[in-house]
Amino acid sequence: MMMPELGHTPDNGPADLKLEIEEFIRDEILRYGTERGDRAAVIINDFSTCMLEDYKKKVSEWDVGTVRTCLMKDVADTPWIIREGGRGVVPLICRFLLHLHDHGHLPDAVAMANDLLATEPAFMRLIEMNQKEMDLFADVVLDLFLQQTPGMTGVETNPADLSVSTTISTNEATIRKTLIRHRCDEFCEQFSDYPVSECCAHLIRDLANHPDSPLLRGDQLLWSAAIIYTACQRENLVRRGTGGGQFGDEIALYFGIRLSSMRSKASGMKKYLAQQTRGS
């Protein structure tokens, strides 16, 4: 099986890592069969390339935090993994890390594997959320398309028609707002907290109506978490000056993001919300 070339690094470079991946995949095929081995090859190559090229980490520099971030931020955002439901991804990556450890490349692999296994429930929740988002995104785009092209249901359209792509692209704000609201509703439904859900709706409305269109910029997942965090503060579920407390930790864990990033985003929201208050 041919492996794609990995990023170039001075030591623990692509040639060594490529050989380790090939050996690992051969073992996977012997244990689990060709189909699972082929799937493992794609996942491990993508994961390794991400660590080497996106995070600029030689194998000897891989650490618990970066490996976890790669899993939650990059692997969990891979469309075909989302469609598959993320089954077996975390144990597979753990086996690969331990393989590198056994071959003398990764001294902290056991700690990394233990951390990833502890993170797996959050990873699976994130995969489920991303799957719902993909489905919702498709529904929202279709609804917007049908609204802008009345009477065209059942009629074939030309994919190269620039008017269609322009129509959809001009509705980016609506799509992002809908997806952010959907995430907030899902979280609030899990915790059965209607006042927080209602507060989130008001915050999203104010941000969506802001002349600077802040919801068009930045990670939608982080926006959703920050909006919920701010709503919880307003409902006195999170006390200011406590670092977020247990509820803040639950929000960050649910969305698979850092508490500090969520709090920073929530803090940045205040200037937009203050401007809306002054302008109303």
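How many nonpolar, polar and charged residues does the lining of the largest pocket have? In this predicted model, the lining has 15 nonpolar, 6 polar and 8 charged residues. The pocket itself has a volume of about 790 Å³. In total, 29 residues line this pocket. Closest to its centre are M72, K73, L126, L221 and I257.

Several helices build the lining of the largest pocket. At least two residues come from each of α3, α4 (79-84), α6 (109-148), α10 and α11. The most are given by α6, which supplies 9 residues.

Helix α5 was examined separately. It covers residues 89-102, 14 residues in all. From first C-alpha to last, α5 reaches 20 Å, close to the 20 Å expected at 1.5 Å a residue. Its buried residues are V89, V90, L92, I93, C94, F96, L97, H99 and L100. An α-helix has 3.6 residues a turn, so residues three or four places apart point the same way. Just after α5, G104 adopts a positive phi of about 80°.

K56 has a phi of about 55°. This residue sits in the loop between α2 (34-54) and α3 (64-74). Its relative accessibility is 64%, so K56 counts as exposed, the cut-off being over 50%. N236 has a positive phi of about 65°. The loop that holds N236 runs between α10 (220-234) and α11 (245-255). N236 is exposed because its relative accessible area is 65%, and exposed means over 50%.

Definitions and conventions. Residues numbered from 1 in each chain as written. Predicted model: local features only at pLDDT ≥ 70, side-chain atom pairs only at ≥ 80, totals over all residues. Heavy atoms only, no water. Helix = DSSP H or I, 4+ residues; strand = E, 2+ residues; numbered from the N terminus. Expected span 1.5 Å × (residues − 1). Buried < 20%, exposed > 50% of the residue type's maximum accessible area, 1.4 Å probe, protein only. 1 Å grid on protein atoms, 1.4 Å probe; cavity = no way out; pocket = protein on both sides within 12 Å on 5 of 7 lines; lining within 4 Å. Points joined across faces, edges and corners; volume = space filled by probe spheres on them. Nonpolar A, V, L, I, M, F, W, Y, C, P; charged D, E, K, R; others polar.
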